[in-house]
Amino acid sequence: MNSYSAKSWLTRLLTALLLATMPVTAGDRQADRDRMVSELSGYGYDITLITDDRVLSAMRTVPRHEFVPAYLQVQAYADRPLPIGHGQTISQPYIVALMTQLADISPGMRVLEVGTGSGYQAAILARMTDRVYTIEIIVPLAASARVRFRELGLTNIIAKEGDGYYGWKAYAPFDRILVTAAARHIPPPLVAQLKPGGLMVIPVGPSWGAQRLMLVRKDDSGVVTTESLLPVRFVPLVSKQNAEW
Ligand code: SAM
């Protein structure tokens, strides 16, 4: 066997092993997912243009219909948010794609998500890196997301119920933080738990007012800068007393 064919044999073997151990089955409703992804790819303009193949391939794999109530599964691959109970929503696929692309995630990164909701965003992140931490404040949503992660074999997601405003000190610092509910200000504990060189993507603004999607950068020497990207509409980040943060 020459070195080229040995290499390609090894690559095929490793790919086969990787696919064999992939927990989320992409089998059902694959055609719907492919259509959703082809609609998303190239959607937007400038910084909001979805072009990242890592994001698109994760979205091609994760079965969004498993993350919505049974009566809404038929709408799971349309580009719109859907109710998931308790007054909350699963974000629209375009926003999930955009936030994930902005976060620029690579294997090996430690990622924190605030606002588990259905668990869909965490599942996308879990296809792109080794370890995802996610926090949800509504107890039944946190519990059902944990069951979903187990059923889908998403063993690299660590989930807890709690107030994500404070982050997750035990696992900090994080390379990336995604917040999927709108805060009135950027939570200082999350900034503190961001690694030097890290990024945070977060919607900021009041629940019924103008919200902006912000990109927070912490440079290698710890200096923090923020960039306001585009108007968005998210449910509010709330405290345990249900007051908006
Ligand atoms: N990422 C979710 C998904 O993929 O389904 C969608 C998130 S939904 C737009 C926002 C979520 O943030 C809700 O489930 C809400 O209960 C949760 N949330 C609001 N305030 C929170 C807080 N302080 N800590 C953690 N989760 C919070």
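Mentor: Just after helix H4, Asp104 takes a positive phi of about 50°. Most residues other than glycine have a negative phi, and most peptide bonds are trans. The model is predicted: local features need pLDDT of at least 70 and side-chain atom pairs count only at pLDDT 80 or more, whereas totals for chains, interfaces and linings use all residues. Residues are numbered from 1 along each chain as its sequence is written, and side-chain values use heavy atoms, with hydrogens and water left out.

H4 covers residues 93–103. Helices (H or I, at least four residues) and strands (E, at least two) are DSSP runs, numbered from the N terminus. Eleven of the eleven residues of H4 are buried, so the helix is largely enclosed by the rest of the structure. Buried here means under 20% relative accessible area, exposed means over 50%, and partly exposed lies in between (1.4 Å probe, protein chains only). The buried residues run from Pro93, Tyr94, Ile95, Val96 and Ala97 through Leu98, Met99 and Thr100 to Gln101, Leu102 and Ala103.

Thr100 gives a view from within this helix. With a relative accessibility of 0%, Thr100 counts as buried. Once its neighbours within four places in sequence are set aside, Thr100 is in contact with Val55, Ile105, Gln121, Ile124, Leu125, Met128 and Leu178. Contact means heavy atoms within 4.5 Å.

The buried residues of H3 are Val55, Leu56, Ala58, Met59 and Thr61. Their cover includes H2, H4 and helix H5 (120–126).

Tyr120 lies in H5 and is buried, at a relative accessible area of 1%. Leaving aside neighbours within four places in sequence, Tyr120 is in contact with Met36, Met59, Val62, Arg64, Phe67, Ile90 and Val96. Among these, Val96 is also one of the buried residues of H4, and Met59 is one of the buried residues of H3. The C-alpha atoms of Tyr120 and His65 are separated by 9.5 Å, although these residues are 55 apart along the chain.

Gln30, Arg33, Asp34, Met36, Val37 and Leu40 of H2 make the contact with Leu56, Met59, Arg60 and Thr61 of H3. By class, five of these residues are nonpolar, two polar and three charged. Ala, Val, Leu, Ile, Met, Phe, Trp, Tyr, Cys and Pro count as nonpolar, Asp, Glu, Lys and Arg as charged, and the others, Gly among them, as polar.

Arg29 is found in the loop between helix H1 (3–21) and H2. Although it is not a glycine, Arg29 has a positive phi of about 60°, and at 26% relative accessibility it counts as partly exposed. Asn242, in the segment after strand E9, also has a positive phi, of about 65°; at 61% relative accessibility, Asn242 counts as exposed.

The structure holds eight aromatic pairs. Tyr165 and Trp245 form one that is stacked, with 3.6 Å centre to centre and 15° between the planes. Tyr165 lies in the loop between strand E5 (157–161) and strand E6 (174–179) and Trp245 in the segment after E9 (224–232), so the pair ties together parts that are 80 residues apart in sequence. Rings of Phe, Tyr and Trp (its six-membered ring) pair if their centres lie within 6.5 Å; planes under 30 degrees apart count as stacked, over 60 as edge-to-face and the rest as tilted. Both Tyr165 and Trp245 are buried. The loop between E5 and E6 also holds Pro173, and the peptide bond from Ala172 to Pro173 is cis, with omega near 5°.

As for the whole, the protein has seven helices and nine strands. Of its 245 residues, 48% count as buried.
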